[in-house]
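Here are my notes for you to read alongside the structure. Keep the viewer open and look up each piece as you go.

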Amino acid sequence: MLAGILITDDTAFMRMTLKNILSKNGFDIVGEAADGLEAIDKYKSEKPDLVTMDITMPNMDGITAIKEIMSFDAGAKIIVCSAMGQKTLVIEALNAGAKDFIVKPFQPDRIVDAIHKVLSS
Amino acid sequence: MDVNEYKDIYLAEAREYLQSLNDSLLKLESEPDNGELVQEMFRAAHSLKGMSATMGYDHVTKLTHEMENILHLLREGSLALSSPLADVLFSSFDTLENLLAHIENPQLPEVATQSVIDRLNEQMNPSEAEELEVCATAEEVLESPMLNQDHPLVLEEFEKEIIKEAKEQGNNLCFITVKISEGSLLKSVRAYMVIKALEELGVIIKAQPPVSDLEEDNFEHTFTILFQSSMEDDAIERCLYNISEIESITLQEYLASEEVNQSQIHKKDEAPQKNSQEQPTGNKAVNATNAASLAVQEKTVRVDTSKLDKLINLVGELVINRTRIVELGKTEASRGIMDASEQLDRITSELQSAIMKLRMVPIKQVFDRFPRMVRDLSKEKGKNVCLEMIGEDTELDRSIVNQIGDPLIHLLRNSMDHGIESTEERVKAGKTSEGNITLTARHEGSYIAIEVKDDGAGLDAEKILRTAVKKKMMTKEEADALKAEEAYNLIFANGFSTAKKVTDISGRGVGMDAVKRIVEGLNGLIEVYSVLGKGTSIIIRLPLTLAIIRALLVRTGDEIYAIPVENIRENLHVTEEDIKNVNKQKVISLRNEVIPLVSLEGCLKEQEDYHWTGEVPTVIVVSGEKKSGLMVDELLGQQEIVIKSLGSMMGKLKGIAGATVLGNGKVALILNIATLL
């Protein structure tokens, strides 16, 4: 069975890029979310194996969303997507419970590697 | 890494290691079987290499690497310390010193290292050199490829404690070297993840580069962590490999021999420790040890000396104003001002003495280089000389320590050159074949005395006088009238040298007068004692500090003068009846001692025209062996004064050491009794 991934990003372009990379590498995209609130809803409804989470988003930022999700599912596997220079935010996200991070611009093999590692842990 | 930021610390520490190398090798020459010393030298060279590699000083790294190779062979016992080997090692230390000087001041000429490296290599038996090469490569294979052949981790006392405890508990201690994939973005966060993961598994004892550097991206993909855990190696490894963008992880058992690292405190590492404590998450144990480590580390602080000088100047100003306020307190009727000024007085005094202590450094700093110098000279001159140093821990003002080095070098060289006789001569004179020089520092009241004493030929008063006459420094008659002790003082005269042969180290006759000048410039005194055939002793007396002294204020005419209390033996009132005339010189008899009497005013004007009016306040001043009664108009009392120089425009004034500003804002001249009498 393919691992189900929930993609969270406020820009459609980024969601599309990620979706392409991941589907090509054998992942099943179970849903897309444009902000933190949506991500929480989709997490509950789709029960993905893994979430990619952008940090800066309207309505609810990624870090808050990670905290929310972790509060009801301590075993949630979330990977943060960040832009360059967001070091502090990434560390904050990791402390909130994210398992790993990937940095934009995305390099396909890195993303795939990170997802595999998080899924296998 | 911003190399410049660490340069000063690097240099200070590198020099400490260099000193320790010099000291150990000197000791090793007399105790060739002392393995501890070799071990210590190896450690020093090793640490130097690690530090220099971190800083990117390739020349130093290369040279220390070669030194380390030789020391390794010495340690293994496959090479014995021969005299030529010691010479080569010493010259490699000298080259190292020059390299450090070049690093400190890049304007200095480049230092060539190849010749000394070649000489080091020559000392190594070729076959052994090869062997070593092999074992070095083997070592490198064993270790992580990114690591520069050793772990540049320097452990501090508290870390050693942790290690000891960990061992006692049977915990796993290992070096973990992590390489993050090339091209990894935000590698500092990767490092953070590794650290975070490790903190869940055990305790991070130390990281290289330090955690703060890792967090700031100040590292090249690779870092090493000394880690303590109850987990097995492969469990740790598995856990770390779960983090993405990690290219490799190498675990290596921590061996006892790694404890070789110095106990010297690395200030550089302070910041990272603090930083790691600020990490939002973390193992409680780590935080606890960090807290403990902070307490340990903050015992000493390296401070730029110019900051200290600024501080001492400010305290000087404060002392002056304190005196002023205390004086106001005396005249103002207000009780409050009096109380407050007394308080101020007390606090200022404490502050002053605390700050003076900050400036005090052990004279060891100067003495340290002498054994090496004496060793080199005795080899060069074929004389067998033993240097004994006493009282190296005696402390004195930093500015004095900085200046006293050259005069002492000169005196020691003189002793080696002119004092100590050749071995044959010594044996003929019934002395031990080995010459002895004793260098002593000790406190004498508020003075420090430094004595250079040898058991050599002693000064020949007759020869000195003959030379003086020959050089037309005085007439035959004048020379005949001089006592031996007075003749000795001629060696301090400009252009005087009795040595038949001029060597490169002494005998040019420019030295002793320079020595005297420097000592007097420090408000010190220099005296010579000698017994022909038995030896010479030269004693330098220096004030403990230059900045603030206690002085007696006296008035003569309208002027106020300050006399340093060190020079004062007592004060008394002299009446006309007390005065006797001896050889047209007024004297008084004080407890069976005849003391010449002069008026301060007459002394400064160089003419005697004193008019007697009843009882005259007189200060009995001493300088070395000389005593004199200085008649003044009024004694004003003692106080602390801050010495200010008169400035270069004034030149050198006979009898005046400087000036000070009094509480009422007026300026008083400070008398230099040594030159006044």
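This is a predicted model: local features need pLDDT of at least 70, side-chain atom pairs count only at pLDDT 80 or more; totals for chains, interfaces and linings use all residues.

1. Start with chain B overall. There are 24 helices and 22 strands in chain B. Of its 677 residues, 50% count as buried.

2. Now find the open sheet of four strands in chain B, which goes β2-β3-β1-β4 with antiparallel pairing. Which strands stand at the edges? They are β2 (202-208) and β4 (246-253) of chain B; each has a single partner strand, so one side of each is left without a neighbour in the sheet. From one strand to the next, the twist averages 25°.

3. Zoom in on one pair in that sheet. Strand β1 (residues 172-180) of chain B is joined to β4(B) by seven bridges, and the two run antiparallel.

4. Helix α10 (residues 233-241) of chain B lies across β1, β3 (222-229) and β4 of chain B, and runs at about 165° to β4(B).

5. On to the inside. In soluble globular proteins, nonpolar side chains tend to be buried together. Here the largest nonpolar core has 54 residues, and those touching the most other members are A:M53, A:I66, A:F101, B:I176, B:L198, B:F223 and B:L240. Helix α8 (residues 187-201) of chain B gives the most to this core, with nine residues.

6. Have a look at A:M53 in particular. Leaving aside neighbours within four places in sequence, A:M53 is in contact with residues including A:T8, A:A39, A:I66, A:I79 and A:C81. There is also a second, separate core of 50 residues, and B:V385, B:A468, B:V519 and B:I538 are among them.

7. B:V385 turns up again in a strand pair: its bridge partner in β8(B) is B:G435. Strand β6 (residues 385-390) and strand β8 (residues 435-444) of chain B run parallel, joined by six bridges.

8. Parallel or antiparallel: how does β8(B) pair with strand β9 (residues 447-454) of chain B? The pairing is antiparallel, over eight bridges. Within it, B:L439 stands opposite B:V452 in β9(B).

Conventions:
Residues are numbered from 1 along each chain as its sequence is written. Chains are lettered from A and ligands numbered from 1 in the order in which they are written. Side-chain values use heavy atoms; hydrogens and water are left out. Buried means under 20% relative accessible area, exposed over 50%, partly exposed in between (1.4 Å probe, protein chains only). Two strands pair if DSSP finds at least two bridges between them. Axes are lines fitted to C-alpha atoms, for helices over the stretch in contact, and angles run from 0 to 180 degrees between N-to-C directions. Contact means heavy atoms within 4.5 Å. A nonpolar core is a set of buried Ala, Val, Leu, Ile, Met, Phe, Trp, Tyr and Cys residues joined through side-chain atoms within 4.5 Å.
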